[in-house]
Amino acid sequence: MTEEIKDNVMDSIPGVPEILPIMPLRNTVLFPQQVIPIYVGRERSLKLVDDLPETRRRIVVVAQRDGSVELPDKEDLYEWGTIAQVLKVFNMPDGSKSAIVQGLERARIQSYIQHEPYFKGAILKVQETYEPGIEIDALVANLRQLYIKLIKVAPYLTEEHTNILSNIQHPGRLVDRAMHLVNVPVTEKQEILEQLNVKVRLERATIIVNKEIQRIELGEMIQSEVQDEISKTQRDYFLREQLKAIRKELGEDEGTMEMKELEEKIAKSKMTEEARKVAEKELDRLQKIPPASPEYTVSRTYLDWLVELPWGTLTNDNMDVKEAKDILDEDHYGLDKVKDRVIEYLAVRKLKEQVEKDSAVKGPILCFVGPPGVGKTSMGKSIARAMGRKFVRISLGGVRDEAEIRGHRRTYIGALPGRIIQNIRKSGSSNPIFMLDEIDKVGADFRGDPSSALLEVLDPEQNNTFSDHYLEVNYDLSKVMFIATANMNDTILPALRDRMEMLEFSGYIEEEKLNIAKTFLIPKQIKEHGLSMTKIEFKDTAIRVIIAHYTREAGVRNLEREIANICRKVARDVAGRKKKKSYIIDAKMVETLLGPQKFFVDIAERASRPGVAIGLAWTAVGGDILFIEATGMKGTGKLQLTGQLGDIMKESAEAAMSYIRSNSKELGIDEKIFANTDIHIHVPAGAIPKDGPSAGVTILSAVYSLLKQKKVKDKLAMTGEITLRGAVLPVGGVKEKVLAAHRAGLTRVILPEQNSKDLVEISKQIQKEMKFDFVKEMSEVLDLAICK
């Protein structure tokens, strides 16, 4: 039996695999009944074509999963392909071949029986399933309509393709022909080839064609938008070019105009001779730089900074001392020391100008130190208003980079001057009031120490030649009045602290808070809450209740919050009423609006037993009172200390015990008690750390009161450091401590003798309301403090 007869017999038996050569196909899929040209260039494929017989030239064409694979293995080929007839083979000049092949039937590779020199396999023909019906007809009609729409939008299809599809009646062949013409990925074409159910194939083809239409339409829309944008850009470019040409004809070239403008600004500016030379040199350099160069922008920005600084531009100070004093009094109640300092500066300035017209008075460098809410920042604004100067403020809290003060060098991209120069430019004046807020909270890290950079800024002998890293020319800051604010001065760099004049802002007493509330806070909150048209009155008793039982602070910030809280509740009631009503806020009304009292004065109850004494403490937010409690129990003479005490306070307690034990005979205390009694000293508010030597006299008084079983006198507080010899040493923060005692309702304070000079800072009203005892020895303290 000849090979040809054998193949025909095998071909005629359904379900029996046929042995055929396999040709891999890159980036396309061959469908049955379709004719395509194939470029044959790979060695395997050339060998396959050469070995084809003259007749019955049948192969299986199978698509590659990845078209970039040059020598595909069987894993790189799909299992499904198309049995094809090679119609014609052409030899190409480069040694390759081109073959025209026609797809015949769908087929599946059951197995590979040859790998070299080309693939051969057992190929099983498969038949599609097809049941004619209305649903098939509807799917066919829909696909034809979609294809017509696709032809209108797809650039690779023409009207002729409509006629090609209209002549095909068989649904399966229609789908194959349609998918052969559509430009979609190989994976989607392969999916259609492998689908034997004609109905499912039609449904899938409809989705693919629809998606292709949407892709093309979306692409066209994007292209249209891009084209419009390009057209607009081109139009703008042409107009600019025309404008340049017109200006050139008129002798008004844009670059020349820009240079002339800068030259005029430099000439008009009051900059120093040094700065003028630098500016002119930079302008000359700028003229030689092409505008498109990045260096051009850097140079231009530098020149803008130089010409826009207020060189020699000064605002006229308000020399009317009385008017300035009235403005300061109008804005703030009390704070006489600060107000006097400002008035003194204005007076000196006024007298000096009368003698020497052109003489300049260096601006004072002040530092307002005090607890939060006492009016440090607002006082700076008030000073600016009183003096008729511009006001600028920068917050230094958390600043860690030296460049924030001195700026960046121009070698860095995006470099800018420091915040000092930036705000001088912003103010438009060389003598503004410049507030450095929270100077005690400046940090330092690997980027430098801003506190050290401020040394030059705040030194009257150096700041007339302040050099910013960005400007690299000297700028005179000597006429600027710098005002720093801080809550405590311990954290300020000592050298920096030495350059500033410290002005203490202590807390307010109840009477001062009452006046501040009536004069400033209540009118402000009534206005802010839209109650100007409503009759609302705060009784003095109501304000006192808020101060005593709803706030406990040195300043008035929380007091203002509580007043605002009352105003909000009144505003809510007013908004819900049709008729107007007057509101009188008294003590009873306060509790109704603000709820239960937050703070209680229970000093008499807490200090009613032996072993309890009241001390005074200084904190960053003002003074406070401190209860020292002592108790005894059977033991071996141990001393126990609790209340989160620091080392210094523990040592004060040990020194107090040593003094009592060494002087027990003179104090009338039985020495045996120390051998069989443990003493426990506790300072309440255990969650708050406490330290310092000023509680020494209080601890000693509490222990003596316990051992003698005699209580400390009522409404008495004390402060002072003790020595082992019983001497009482001076302490700091006396003003804040006395204010805390007054705020708590205490009427008598024991102070070290050397602190008597500090009473000058305490208002006369407090001195009238309280009694002060000054002591040198601990024995005097015990005589004054302990009940007989």
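Tutor: Gladly! Keep in mind that this is a predicted model. Let's begin with His-180, which lies in helix α5, spanning residues 171–181.

Student: Is His-180 buried or exposed?

Tutor: We call a residue buried when its relative accessible area is under 20%. His-180 has a value of 19%, so it counts as buried.

Student: Which residues is His-180 in contact with, leaving aside its neighbours within four places in sequence?

Tutor: Those are Phe-31, Gln-34, Ile-36 and Lys-189.

Student: Now helix α28, please. Which of its residues are buried?

Tutor: In this helix, residues 778–785, the buried ones include Met-778, Val-781, Leu-782 and Ala-785. Looking down the axis of α28, you find its buried residues within an arc of 95°, so they line one face of the helix.

Student: How many aromatic pairs does the structure hold?

Tutor: There are 5 aromatic pairs. To name a pair's geometry, look at the angle between the ring planes: over 60 degrees counts as edge-to-face. Tyr-112 and Phe-119 have planes at 70° and ring centres 5.4 Å apart, so this pair is edge-to-face. Phe-119 is also buried, at 1% relative accessibility.

Student: What about Phe-368 and Phe-505?

Tutor: Their pair is tilted, with 40° between the planes and 4.8 Å from centre to centre. It links distant parts of the chain, 137 residues apart: Phe-368 is in strand β7, and Phe-505 is in the loop between β13 and α18. Both Phe-368 and Phe-505 are buried.

Student: Where does Arg-410 lie?

Tutor: Over the face of Tyr-302, 3.7 Å from the ring centre. Likewise, Arg-425 lies over the face of Trp-305, at 3.9 Å from the ring centre.

Note on methods:
Residues are numbered from 1 along each chain as its sequence is written. This is a predicted model: local features need pLDDT of at least 70, side-chain atom pairs count only at pLDDT 80 or more; totals for chains, interfaces and linings use all residues. Side-chain values use heavy atoms; hydrogens and water are left out. Helices (H or I, at least four residues) and strands (E, at least two) are DSSP runs, numbered from the N terminus. Buried means under 20% relative accessible area, exposed over 50%, partly exposed in between (1.4 Å probe, protein chains only). Contact means heavy atoms within 4.5 Å. The arc is that of the directions from the helix axis to the C-beta atoms. Rings of Phe, Tyr and Trp (its six-membered ring) pair if their centres lie within 6.5 Å; planes under 30 degrees apart count as stacked, over 60 as edge-to-face and the rest as tilted. A charge sits over a ring if NZ of Lys or CZ of Arg is within 6 Å of the ring centre and within 35 degrees of the ring normal.
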